[in-house]
Amino acid sequence: MFEKRLLVTGGAGFIASHVIICLLERYPDHLIINLDKGDICDEHFMKLLFEIERIHIVLHFAAQTHVDKSFWCSSEFKHVNIYGTEILVKAAYQANVEKFIHVSTDEVYGGSIKEEFSETSPRCPTNPYAASKAASECIVMSYWENFRFPVIVTRSSNVYGPHQYPEKVIPKFIALLQRNQKCCIHGTGKQTRHFLYATDVAEAFLTILEKGEPGEVYNVGTNFELSVFQLAKELVHLIKETVSEPELELWIDHVSDRPSNDLGYPMNSKKLHRLGWKPKVPWEEGIRKTIKWYETNFHNWSNAENALAPFPSSVLQNGCQQL
């Protein structure tokens, strides 16, 4: 008999796959159910799943997440991120689940270069992806406000590491350089991002699972920050080791910018630090592990080459089907 039964939605995805690995190592007496092929938007299926599996805890990662794609396929993002979350949290509430952890994003705050966002900062999303995640947060938190259903919301910085689909900036740049192609930077590349290694984020979720308080929001952030342009330069240095400083820009191509491109998402994560979590993996260690993983694992995805095209111009020309 299992002590607890945990449902992880989107468990075959990037961050959730690392979380599942950590859960299996930390809790060998728990049953971990990975929902990735089933549809969270199917109300009958979700209700049946909770009835049959008698789930105690939900970690909700399943979502459409790519900002560029969200501008041209916003209906898909609304359907999965908002409607799917509504179906899931309703089924969990009806099944009397003990804890529901909803995975959101720092992008709900909107962009900033000076102001450090805390969990009480207003949400001001600037793209359809972020707007859909902000809306899904409201749905989840309404179950706490109205029924005291024990939900927790998390908002994390950019995550990198093995298993990430190469539409995102770090695996895309790595894969392009490993194929002797240029990094394609949106606009000037001055926008900055805070990067957390995947295992650090997985540990954050286990900390929240163990110590997080119902009805609370937790930022999962880091002080480590790079501009996209500086990121490209560092990756060129690491992957193209013989390239000299004057030759760096030969490996960088500036493409059309996004319709809206937030300058940065600085977050205050002291609330989570008080629960005992802080990032441990240094950038130099994490990025080298990530580069090494993509050397042999890029073709884990059958359509990975399509993800290397620049955004958003390729989307405008080819629509959503390419993605």
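Me: Which residues do ring pairs link into a cluster?

Reply: Rings of Phe, Tyr and Trp (its six-membered ring) pair if their centres lie within 6.5 Å; planes under 30 degrees apart count as stacked, over 60 as edge-to-face and the rest as tilted. Here such pairs join Y93, F100, Y143, F147 and F149 into a cluster. This is a predicted model, where local features need pLDDT of at least 70, side-chain atom pairs count only at pLDDT 80 or more, and totals for chains, interfaces and linings use all residues. Numbering runs from 1 along each chain as its sequence is written, and side-chain values use heavy atoms, leaving out hydrogens and water.

Me: How many aromatic pairs does the structure hold?

Reply: There are 19 aromatic pairs. The ring centres of Y160 and F195 are 6.5 Å apart and the planes are at 85 degrees, so this pair is edge-to-face. Y160 is in strand β6 (residues 158-160) and F195 in strand β8, so the pair ties together parts 35 residues apart in sequence; strands are DSSP runs of E, at least two residues, and helices of H or I, at least four, numbered from the N terminus.

Me: Is Y160 buried or exposed?

Reply: Buried means under 20% relative accessible area, exposed over 50%, partly exposed in between (1.4 Å probe, protein chains only). Y160 counts as buried at 1%, and F195 is buried at 6%. The rings of Y160 and W283 have centres 5.0 Å apart and planes at 55 degrees, so that pair is tilted.

Me: Where does a charge sit over a ring?

Reply: The test is NZ of Lys or CZ of Arg within 6 Å of the ring centre and within 35 degrees of the ring normal. R179 lies over the face of F298, 3.8 Å from the ring centre.
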